[in-house]
Amino acid sequence: MNQSPSARARNLIAGHPGRTADARRAALRLFVPEDGDAPVLTPFLLSVAADAAEDDLVRIEAIRVLPIAYIPEGGPAASVRAALIRLAAEDSDSDVRNTAGYTVFDLPGAEDDVARMRELIAAEEDEFVAENIDASLELFLERRKRRGVVEEPSG
């Protein structure tokens, strides 16, 4: 297992500040993480996602890369989920809240956050965002049920 970040990950991160918003979005959209990228890639993606001064479409692309970034289960995945939950609960941009909220369910250990996500859905003022995150939660629970995990996580 490779433990150092790929050249592509290093180039994505190093080149990010010098690109236009469209080029940053395209670079993130086309990026495919490799094993070993997560330790440097994850903090970078989270910082882009949390940067309110960044273009919202760039922030959304950064969030979309997280589920494929080989984030280890346990503490690292819990930290990423916590950051996404903060964005889903607090960000001023509804599209960022929406993407962050439904992405939580694509990360390892999401069953630990079901109760918190139900609270977030109930508190969400934008009906579209609340409905999308709720639909993602229901799909997540249905996938668990189909895999034979019949009890609903307590969160």
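Let me start with helix H7, where Val 114, Met 117, Leu 120 and Ile 121 are buried. Buried here is under 20% relative accessible area, exposed is over 50%, and partly exposed is in between, with a 1.4 Å probe and protein chains only. Those four cover an arc of only 115° around the axis, which puts them on the same side of H7. The arc is taken over the directions from the helix axis to the C-beta atoms. Helices are DSSP runs of H or I with at least four residues, strands are E runs of at least two, and both are numbered from the N terminus.

This is a predicted model, in which local features need pLDDT of at least 70 and side-chain atom pairs count only at pLDDT 80 or more, while totals for chains, interfaces and linings use all residues. Residues are numbered from 1 along each chain as its sequence is written, and side-chain values use heavy atoms, with hydrogens and water left out.

Back to H7. Turned away from the buried side is a face with the exposed residues Glu 119, Ala 122 and Ala 123. The buried residues of H7 pack against H5, H6 and H8, contact being heavy atoms within 4.5 Å.

Next, helix H2, residues 21–30. Its Arg 24, Ala 27 and Leu 28 are buried. They cover an arc of only 95° around the axis, so they lie on the same side of H2. Asp 22, Arg 29 and Leu 30 are exposed on the face turned away from that side. The cover over the buried residues of H2 includes H1 (7–15), H3 and H4 (56–65).

Now the core. The largest nonpolar core has 42 residues, of which Leu 41, Leu 45 and Leu 84 touch the most other members. Such a core is a set of buried Ala, Val, Leu, Ile, Met, Phe, Trp, Tyr and Cys residues joined through side-chain atoms within 4.5 Å. Two or more residues of this core come from each of H1, H2, H3, H4, H5, H6 (94–103), H7 (114–123) and H8 (127–146). H5 gives the largest share, 7 residues. Not counting residues up to four places away in sequence, Leu 84 touches Ile 63, Leu 66, Ala 100, Thr 103, Val 104 and Leu 107.

Val 80 is in helix H5. Val 80 counts as buried because its relative accessibility is 2%. Setting aside neighbours within four places in sequence, Val 80 contacts Thr 42, Leu 46, Leu 66, Ile 71 and Leu 107.

Two loop residues come next. Pro 33 sits in the loop between H2 and H3, and counts as buried at 4% relative accessibility. Beyond four places in sequence, the contacts of Pro 33 are Leu 41, Val 65, Ile 68, Ala 69 and Tyr 70. Tyr 70 lies in the loop between H4 and H5, and has a positive phi of about 55° although it is not a glycine.

Last, the largest pocket, with about 170 Å³ of space. Its lining has 12 residues, and Gly 36, Ala 38, Pro 39, Tyr 70 and Pro 72 are the closest to the centre. On a 1 Å grid over the protein atoms alone, a pocket is an open set of points where a 1.4 Å probe fits, with protein on both sides within 12 Å along at least five of seven lines; lining residues have an atom within 4 Å of a point. Points are joined across faces, edges and corners, and the volume is the space filled by probe spheres set on them. H3 (38–50) and H5 (75–90) each supply at least two lining residues, and H3 gives the most, with 3.
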